[in-house]
Amino acid sequence: MNVIELNHPLVKHKLSILRNKKTGTKKFRELVSELSTMLCYEALKDATLEDIEVETPICKTKGKRLNEDNYAFIPILRAGTGMLDGLINIMPNAKIGHIGLYRNEETLKPVKYYYKVPVNIDKREVIVLDPMLATGGSGTDAISMLKSSGAKNIKFLCIIASPEGIKKINEVHPDVKIYCASIDECLNEVGYIVPGLGDAGDRIFGTK
Ligand code: PRP
Ligand code: URA
């Protein structure tokens, strides 16, 4: 499977607070943001660096530079926007696109309502953000749209992934690596991740 599950005590600790149904909106948002920073850290492990020269107060030395302008962060609306802060805090110059999708509650199929991505998407490292990978319909469609726009290097960051969602993205887009904080057990009869954390969008925005 083309998936990396973060196995770090801090991730497991924060994820458990996130899952707790008693965790309120403010704390939930903060945790989504913090976990997203950790996912981004892992996803950038293979980033290409340029050699630069740095002058410290002591002497000149060799340094490295990561070209943030090469990156595009693409949250899937709406819950994906909750992850954005955690990434732009550490990569403030990355470009940002948005893909609007919602799941039809009966069919569980994603419905598109918005699409806007940065120019030259074909030359950028594209990082798609969505806290929940459930059936995989939204993630798979979002990646297909990005590929239709020319994107070639795509990674998918989520907080919780179901085995079903991972399988779907891996089958349709084997080139796209998934990064998650947890691979959960399964989906329930209404397409929610078990044990999961409930409806990520509602918990981030306090809508229910
Ligand atoms: C949630 C979630 C994903 C999607 C995952 O969004 O944020 O986008 O469901 O499900 P899937 O893998 O089965 O497609 P939702 O449709 O609830 O919209 P929202 O972000 O606006 O709340
Ligand atoms: N979307 C969510 O927000 N949560 C789930 O468990 C599945 C889809």
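# Notebook: helix packing, ligand surroundings and backbone geometry

I began with the helix pair α4 and α5, where α4 passes α5 in a right-handed crossing. The model I am reading is a predicted one.

**Entry 1: α4 and α5**

I looked up which residues make this contact. G139, T140 and I143 stand on the α4 side, and K168, I169 and V172 on the α5 side. Sorted by class, the contact of α4 with α5 has three nonpolar, two polar and one charged residues. I then took the geometry. Helix α4 covers residues 137-148 and helix α5 residues 163-172, and their axes come within 8 Å and cross at roughly 25°. Angles under 35 degrees count as roughly parallel, and α4 and α5 are therefore roughly parallel to each other.

**Entry 2: α1 and α2**

The axes of helix α1 (residues 9-19) and α2 come within 10 Å and cross at roughly 155°. That value makes α1 roughly antiparallel to α2. I noted the hand of the crossing of α1 and α2 as left-handed.

Which residues of α1 and α2 meet? From α1 I listed L10, V11, K14, L15, I17 and L18, and from α2 F28, L31, V32, E34, L35 and M38. By class, the contact of α1 with α2 has 10 nonpolar, no polar and two charged residues.

**Entry 3: M38**

I followed one residue of that list further. M38 lies in helix α2. Leaving out residues up to four places away in sequence, I found that M38 touches L6, L10, V11 and K14. Among these, L10, V11 and K14 are also on the α1 side of the contact with α2. I also checked a distance along the chain: M38 and T48 are 10 residues apart in sequence, and their C-alpha atoms are 19 Å apart in space.

**Entry 4: α2 and α3**

I kept α2 and turned to its contact with α3. The axes of helix α2 (residues 25-43) and helix α3 (residues 81-88) come within 7 Å and cross at roughly 55°. The angle makes α2 oblique to α3. I recorded that α2 passes α3 in a right-handed crossing.

On the α2 side I wrote down V32, S33, S36, T37, L39 and C40; these meet G82, M83, D85, G86 and L87 in α3. The residues of the contact of α2 with α3 divide into five nonpolar, five polar and one charged. V32 is listed in the contact with α3 and also in the contact with α1.

**Entry 5: ligand 1**

How many residues surround ligand 1? I count 14 from the computed list, and the closest are R103, D130, T135, G136 and S138. I then looked for N and O atoms next to its oxygen atoms. A polar backbone atom of A79 is 3.0 Å from an oxygen atom of ligand 1. A polar backbone atom of G136 is 2.8 Å from an oxygen atom of ligand 1.

**Entry 6: ligand 2**

Around ligand 2 I listed R103, M132, A134, G191, Y192, I193, G198, D199 and A200.

**Entry 7: backbone exceptions**

Most residues other than glycine have a negative phi, and most peptide bonds are trans.

Which peptide bonds did I note as cis? The bond from L77 to R78 is cis, with omega near -5°. R78 lies in the loop between β4 (71-77) and α3. A cis peptide bond also joins V194 and P195, with omega about 0°. I placed P195 in the loop between β13 (193-194) and α6 (200-205).

For phi, I noted L108, which has a positive value of about 65° although it is not a glycine. L108 is found in the loop between β6 (98-103) and β7 (110-116). N120 is another residue other than glycine with a positive phi, near 55°. N120 lies in the loop between β7 and β8 (125-129).

Terms used
Residues numbered from 1 in each chain as written. Chains lettered and ligands numbered in written order. Predicted model: local features only at pLDDT ≥ 70, side-chain atom pairs only at ≥ 80, totals over all residues. Heavy atoms only, no water. Axes fitted to C-alpha atoms, helices over the stretch in contact; angles between N-to-C directions. Helix = DSSP H or I, 4+ residues; strand = E, 2+ residues; numbered from the N terminus. Parallel < 35°, antiparallel > 145°, perpendicular 65-115°, else oblique. Left-handed = near helix turned anticlockwise from the far one by under 90°. Contact = heavy atoms within 4.5 Å. Nonpolar A, V, L, I, M, F, W, Y, C, P; charged D, E, K, R; others polar. Near = heavy atom within 4 Å. Polar contact = N/O pair within 3.5 Å; in protein donor to acceptor, adjacent residues only side chain to side chain.
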